[in-house]
Amino acid sequence: MPEMFRLMLEKPTTEAYPFKPIQLTERFRGKLDIDPAKCTGCQVCALVCPAAVITMVDLGTRKVGDRELKVRRPLFDLASCISCGECVDNCAFNALQLTKQFEIATPNKTDLLMNKAVVK
Amino acid sequence: MSETVTKLESYAEEVGTKVTALRKNENIVEVPQDKLKTFVAHVVNDLHIRHLMTITGLDLGENLGITYHFSLERDTIHVRSFVPKTKPVAVSIVDIVPGAILYEMELHDMFGIEFAGNPWKDQKLLLPDDWPADLPPPLLKTSKADQIRKRLGLEVEKK
Amino acid sequence: MSTSPEQQRREESAGLMEYSTESLVPFGPIHPALKEPEYFKLVLEGERIVNVIPRIGYVHRGLEKAAESRPWVQNMYMFERTCGICSFVHSLCYGQAVEELTLFQVPKRAKYIRTIIAEMERIHSHLLWVGLMGHWAGFDTLFMWVWNDREVVLDLVEAISGNRVHKSMNAFCGVRRDMPENMKDRIVERMKFLTDRARYYREVIDTEETMLVRTENIGRVSQDTAEKLCAVGPMARYVGLRQDVRLNDPYAAYDEVPLDIVTTTEGDVHALLRLRLDELVASANIVSYAVENLPDGPIRVKVPPVIPAGEHSSHCEAPRGEIFYYVKSSGGRTPERVKSRQPTMANLPTALEMLKGQTLADIPIVLTAIDPCFGCMDRMSFYDTETNRRWTWSGEELRQYGVNHYFPDRSKKQRGFTKAIDSSINRRQRESI
């Protein structure tokens, strides 16, 4: 009996999402994002990803002194991403971060291909 | 507890092997198949180590290794035995440790080892009923995942 | 040896059943609505169960084979996804087995944080289980209230690790994220709240008629049988065996926190309920202590990607029992062999012994009581030896049968609903003969 009164006076547990925004904690791990200006193509993120999300795309070469160096940038298939944060932790240039966005469902798989770093 | 290990060493001498210590209170004993049952009976009945954690199979090239993992308080004892790949028939310890029955069935499915004496040794445990008879057991090093997928008709669409 | 025709029929039926599958990697329900596939064949005599043959292995994913072709760190994420409810303990156990090969020491702060998260996971798992028991017993109010309280611990876990289920907090020789600042008071206060709630639920199961009728004197197993069949976790402790990895072989910070191992002597399902609720209180106590006495220092030691050759094993206490991992390295970037053994596999022979002698209506309760990590009954096939009848029921039909059997005088409206299910069951029975 007292239990019923307690529950009636407490605020409801059910959140009215999606009609009201949902409360997320500060450390919530959502969709991945990259800052293309900081990325150097070192491919460490591709090597540590547990879900094989990242593929390096060849974008030609550039001249450094008298050497031709390959230029590569990462392409992310965010449909497979598990938001673990390994790439974020291992990126030496702080180019990656996990945002709080989680509503990324789409009927088109190509929408989830993040190619910000690849497109010039 | 060194007392357990000392007693274990005496049993190991009886069957003609010795105890190797791994890091952190773990000891491993390699026992040939014919002496396995006496050794396990010693471990379970005399040392009162009744908890068998699991049985692991290993693909060691020519042989298959069967490791029994026992635990008593802080000590872990691994008892390893070998069977040749050409004739993978092993001795079952189900009459000493009844809890080993499912682990032996799992090894039978995954490595192809037959445990003589296990009451359910012919039953499939994990593999599907329509597993092709000429496909080698999955956990051997020679079995490749894409080979198994192709035979079972489970092709994965490449991106 | 002359046998009567009835005896012959009984022997025939026992021979029909093949004791078959078992899951190498049983995984846990991440959502209550997601029931997992497994299949049981029960041999009945009237209402009593005589023999049970499980057939599982439907969710076998070949993780051990997959682990041999992936780098060490990636395997940690893969094994975390073996189970939704005990995900942290899986990655912890794998991490511990590999850490011993690297010769690096785990910092003290990391050990305490691991203990905190592991105990929070245990609280979450036990709350989920108590709710499921309420649901299968027909007491849905308990289910809703307990799962409401479960949100408390899930919010705490999200605040620390960023995710409610797959915490991804473990790394080799450390944890990946530190405790957030200013969380100490909040955690202590929430643990106190959960302790009060657990004590309240303890009163409920001791006095509420629904739970008592459905769980007392059900699912008994002798201590000797449980020990011989190598039962682990609460299944060993509810018959009086004092078996707990945290006590017998302490890992992480368990040798420094107050540990209260709960055992009961009456081995029935009601004792399991009391045991898990008491364990919840003990876990909340551990979390409060660990949070108050968290040592300072680094949280992680970087480990090179190549692990030296050798072999090692490790075991941990998951909410359901003992998890065991064995790891063999040949000095490369990928393991040579990883073996993972989940507690439900170890408890399965004991669970089948529990079922013998029970009635049909008790099946959901007994099978949920072992806290299976392969979920609830999806398809069950029955064979009655006396009338030679076979039929199949889904999980919901079985649950309704159990509820009607024990509480036949529920309200008329409910009875109308159950009548619909009954008539569908009857129709199917008639069709299958």
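This is a predicted model: local features need pLDDT of at least 70, side-chain atom pairs count only at pLDDT 80 or more; totals for chains, interfaces and linings use all residues.
Chain C contains 16 helices and nine strands. Of its 433 residues, 63% are buried. Among the contacts in chain C with a separation of 6 or more, 73% are made by residues 24 or more positions apart.

A pair of aromatic rings is described by the distance of the centres and the angle of the planes. Over all chains, the structure holds eight aromatic pairs. In one of them, C:Tyr94 and C:Phe172, the ring centres are 6.0 Å apart and the planes stand at 45 degrees, so the pair is tilted. C:Tyr94 belongs to helix H4 (residues 87-102) of chain C, whereas C:Phe172 is in the loop between strand S3 (170-171) and strand S4 (174-175) of that chain; the pair therefore ties together parts that are 78 residues apart in sequence. Because its relative accessibility is 0%, C:Tyr94 counts as buried. C:Phe172 also counts as buried, with a relative accessibility of 8%, the cut-off for burial being under 20%. A second pair is formed by C:Tyr200 and C:Tyr201, with ring centres 5.7 Å apart and planes at 55 degrees, so this pair is tilted. C:Tyr200 has a relative accessibility of 25% and therefore counts as partly exposed, whereas C:Tyr201, at 1%, counts as buried.

C:Tyr94 and C:Phe172 are also members of an aromatic cluster, together with C:Phe79 and C:Tyr325. Charged side chains are placed over aromatic rings in chain C as well. The charged end of C:Arg150 sits over the ring of C:Trp147, at 4.3 Å from the ring centre. C:Arg276 lies over the face of C:Trp129, with a distance of 4.2 Å to the centre of the ring.

Two packed helices are described by the angle between their axes and the distance between the axes. In chain B, helix H1 (residues 2-15) packs with helix H2 (residues 36-46) at an angle of about 155 degrees, and the axes are 10 Å apart. Angles over 145 degrees count as roughly antiparallel, and H1(B) and H2(B) are therefore roughly antiparallel to each other. The two helices, H1(B) and H2(B), cross in a right-handed sense. On the H1(B) side, the residues that meet H2(B) are B:Leu8, B:Tyr11, B:Ala12, B:Glu14 and B:Val15. Their counterparts in H2(B) are B:Phe39, B:His42, B:Val43 and B:Asp46.

Methods. Residues are numbered from 1 along each chain as its sequence is written. Chains are lettered from A and ligands numbered from 1 in the order in which they are written. Side-chain values use heavy atoms; hydrogens and water are left out. Rings of Phe, Tyr and Trp (its six-membered ring) pair if their centres lie within 6.5 Å; planes under 30 degrees apart count as stacked, over 60 as edge-to-face and the rest as tilted. Helices (H or I, at least four residues) and strands (E, at least two) are DSSP runs, numbered from the N terminus. Buried means under 20% relative accessible area, exposed over 50%, partly exposed in between (1.4 Å probe, protein chains only). A charge sits over a ring if NZ of Lys or CZ of Arg is within 6 Å of the ring centre and within 35 degrees of the ring normal. Axes are lines fitted to C-alpha atoms, for helices over the stretch in contact, and angles run from 0 to 180 degrees between N-to-C directions. Angles under 35 degrees count as roughly parallel, over 145 as roughly antiparallel, 65 to 115 as roughly perpendicular and the rest as oblique. A crossing is left-handed if the near helix is turned anticlockwise from the far one by less than a right angle, and right-handed if clockwise. Contact means heavy atoms within 4.5 Å.
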